[in-house]
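Here is a friendly walk through one protein model for anyone meeting it for the first time. Have the structure open as you read, and look up each residue as its name comes up.

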Amino acid sequence: MNYLSIENIAKSFGERVLFTDISFGINKDQKIAFIAKNGTGKTSMLNIITGKDTPDSGQVVSRNGIRISFLSQEPDLDPNLTIEETIFASDNNVLKTIQNYEKALENLDDTEAYQKAFEQMDIKNAWDFETQYKQILFQLKLDDLNKKVNKLSGGQKKRLALATILLNTPDLLILDEPTNHLDLEMIEWLEQYFAKENITLFMVTHDRYFLERVCNEIIELDHGKIYQYKGNYSYYLEKKEARIQAEQASVDKAKNLFTKELDWMRRQPKARTTKSKSRIDDFYKIKEKAHQRRQDHQIQLEINMERLGSKIVEFHKVSKSFQEKTILDQFEYNFQRGERIGIIGKNGTGKSTFLNILTGNLEPDAGKVIIGDTIKFGYYTQSGINPKPEQKVIDIIKEYGEFIPLTKGRTISAAQLLERFLFDRKKQYDYVEKLSGGELKRLYLCTVLIQNPNFLILDEPTNDLDIVTLNVLESFLLDFPGCLLVVSHDRYFMDKIVDHLFIFKGKGEVEDFPGNYTDYRAYESSEPQKEEKITSEDTPKKTWKKDANTALSYEEQKEFKKLERDIKKLEEKKKEAEAVFATGELEGEEIDKQSIKLQDIINELEKKTEAWFELSMKME
């Protein structure tokens with residue numbers, strides 16, 4: 001069943017043509033990845049498909065009644081709503097049914113309203129759905145449901161938008177870099193969720209393990225043309241290589257034929273016959289084919305790296321805390337020449353704090369960091385470039401000099417350097433604000449590397465980079481002779497680049513693991529599961545209303561809530577009865593009467609308290 005068709009669309013910005021005459025379809029149950037280089041039309045394609053932009057020609061046709069949801073890089077959320085209000089603000093009728101049931105649980109005196117809400121839960125089959133959305137909120141670390149959207153970080157907003165979209169269960173889900181701002185645990189959960197759910201996906205992502213394990217088709221936009229591959233990422237790599245080789249063979253054949261036809265053209269008389277005119281037309285087609293060439297330049301940069309001395313960086317009993325949150329506790333480590341270390345850990349465990357202590361941007365509370373005399377850091381942060389108004393791409397590089405020193409006493413110009421980073425001469429004179437997100441990251445990476453560091457620190461370098469650039473960056477880093485420290489949620493990138501890991505486990509614990517990310521996951525899965533103790537620090541500020549009651553049936557939940565209310569009322573009555581005795585004004589039969597009344601209250605209170613304890617035991 002076809003959900004959406006892209007028919008002969010074209011898009012240009014001034015003289016810059018992104019694509020022309022592009023057509024493809026999205027069918028039910030397909031999980032499609034859309035791949036293209038940065039700046040060649042990925043975002044434009046998504047905007048056209050989702051109706052945020054219009055093509056210059058052609059059309060997008062969707063099936064009548066289909067529900068489409070789009071997760072953008074910058075979600076549009078109401079800043080005045082809380083997390084909980086944002087979730088329930090959607091048009092999902094099942095969510096509204098659950099919300100009504102939650103309200104009925106809070107007011108059990110209204111038996112009629114509760115019964116109606118309970119019946120609607122059955123009718124809408126909302127019980128399983130409720131379990132599902134609680135799992136989604138838990139996995140995406142959206143615990144404080146009363147927190148306002150305007151108080152959330154960019155990553156939290158992205159996760160909230162993702163949770164809302166998943167809960168709305170659209171027919172077609174369109175995602176723009178869904179793994180950005182997710183930690184490794186969240187990415188693996190989302191990967192498993194998409195792999196097992198019968199959901200139709202169309203996504204842009206650079207996460208190659210995600211592509212491998214989730215997608216069953218890949219559509220590539222390459223030099224303005226569409227190529228479709230019915231398989232995962234490994235299949236795509238294999239077939240793309242075969243396609244490029246076939247194209248090259250076709251071009252080589254055309255070149256040979258062009259040489260022969262060119263000789264014929266030179267020998268032809270001016271008067272043309274009908275037959276020769278046809279051959280002349282064919283000649284120009286052969287000429288066009290013969291002069292085709294792929295613009296697949298690779299980054300080549302032999303930086304003039306400063307020599308590394310015997311002392312690199314030493315951590316001696318370094319500790320760091322923020323109030324009651326411990327980041328490092330007596331941490332000790334001596335970096336060695338050529339080390340390639342990956343840093344992983346959940347969000348908030350102190351990875352960026354560690355990098356700032358290493359580079360001297362933050363002082364430790366105790367201990368000391370000793371940096372060798374020859375060390376020159378290159379620090380790629382998540383903040384990126386802050387260009388001046390109307391600054392051009394080449395101006396950014398010229399801030400470091402008109403000529404850049406390379407090895408063996410050689411130099412290259414700023415323009416030549418940019419060409420090596422895949423910015424052609426025309427692109428170099430574009431204003432920086434016109435660059436795509438991935439192009440901005442590539443330019444920023446260029447500014448870090450041209451400073452000739454010998455200790456390179458990369459904090460989430462793969463965000464917004466296309467797969468072509470990632471492969472080139474990996475090739476460069478594999479040849480980098482200095483020390484390398486990488487924080488990344490890109491598992492494929494980490495596996496390829498690093499030799500061992502610092503695993504930030506929280507509460508000051510940092511484990512040094514001798515292997516890459518896949519090795520660590522294999523090691524973790526082979527270890528027996530340990531029972532974790534929950535502390536007050538682990539407890540979320542506000543859990544979902546019924547999280548604690550998940551072991552109870554819904555009738556038991558109703559009874560549990562009612563017992564809580566009854567016990568509170570009985571305790572108030574008990575205090576009132578005891579207060580009457582405290583006045584000393586009771587006499588004779590009145591004392592007996594009030595004594596019996598107090599005892600009845602105590603008996604009832606004990607009975608209901610015992611029942612409450614029995615139910616509460618089931619919740620543990």
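Of the 620 residues in the protein chain, 46% count as buried. The model is a predicted one. Along the protein chain you will find 20 helices and 20 strands. Among the contacts with a separation of 6 or more, 69% are between residues 24 or more positions apart.

**A pair of helices**

Let us begin with helix H3, residues 93-106, and helix H4, residues 111-123. Two packed helices are described by the angle between their axes and the distance between the axes. For H3 and H4, the axes come within 9 Å and cross at roughly 150 degrees. Angles over 145 degrees count as roughly antiparallel, so H3 is roughly antiparallel to H4. The crossing of H3 with H4 is left-handed.

Which residues of H3 meet H4? On the H3 side they are Thr97, Ile98, Asn100, Tyr101, Ala104 and Leu105. Their counterparts in H4 are Ala113, Tyr114, Ala117, Phe118, Gln120 and Met121.

**A three-stranded sheet**

Next comes an open sheet of three strands in the order S11-S10-S13, with antiparallel pairing. Strand S11 (325-334) and strand S13 (366-371) are at the edges; each has a single partner strand, so one side of each has no neighbour in the sheet. From one strand to the next, the twist averages 20 degrees.

Strand S10, residues 313-322, is joined to S11 by six bridges, and the two run antiparallel. Within this pairing, Val318 stands opposite Phe331 in S11. Helix H11, residues 351-358, packs on the sheet and touches S10, S11 and S13. The direction of H11 makes about 130 degrees with that of S10.

**A hairpin**

Another antiparallel pair is made by strand S19 (residues 500-506) and strand S20 (residues 509-513), which share five bridges. Phe502 has Asp512 in S20 as its bridge partner. Two residues lie between the strands of this hairpin, where Lys507 takes a positive phi near 60 degrees.

Is Glu217 buried or exposed? Its relative accessible area is 2%, and buried means under 20%, so Glu217 is buried. You can find Glu217 in strand S8, residues 217-222. Setting aside neighbours within four places in sequence, Glu217 is in contact with Gln30, Lys31, Ile32, Ala33, Gln228, Tyr229, Lys230 and Gly231.

The other two residues, Glu390 and Lys507, lie in loops. Glu390 has a positive phi, near 60 degrees, in a residue other than glycine, and Lys507 likewise has a positive phi near 60 degrees. The loop of Glu390 runs between strand S14 (377-380) and helix H12 (393-398), while Lys507 is in the loop between S19 and S20. With 60% relative accessibility, Glu390 counts as exposed; Lys507, at 49%, counts as partly exposed.

The table below gathers the accessibility of these residues.

| Residue | Relative accessibility | Class |
|---|---|---|
| Glu217 | 2% | buried |
| Glu390 | 60% | exposed |
| Lys507 | 49% | partly exposed |

Definitions and conventions
Residues numbered from 1 in each chain as written. Predicted model: local features only at pLDDT ≥ 70, side-chain atom pairs only at ≥ 80, totals over all residues. Heavy atoms only, no water. Axes fitted to C-alpha atoms, helices over the stretch in contact; angles between N-to-C directions. Helix = DSSP H or I, 4+ residues; strand = E, 2+ residues; numbered from the N terminus. Parallel < 35°, antiparallel > 145°, perpendicular 65-115°, else oblique. Left-handed = near helix turned anticlockwise from the far one by under 90°. Contact = heavy atoms within 4.5 Å. Pairing = 2+ DSSP bridges. Buried < 20%, exposed > 50% of the residue type's maximum accessible area, 1.4 Å probe, protein only.
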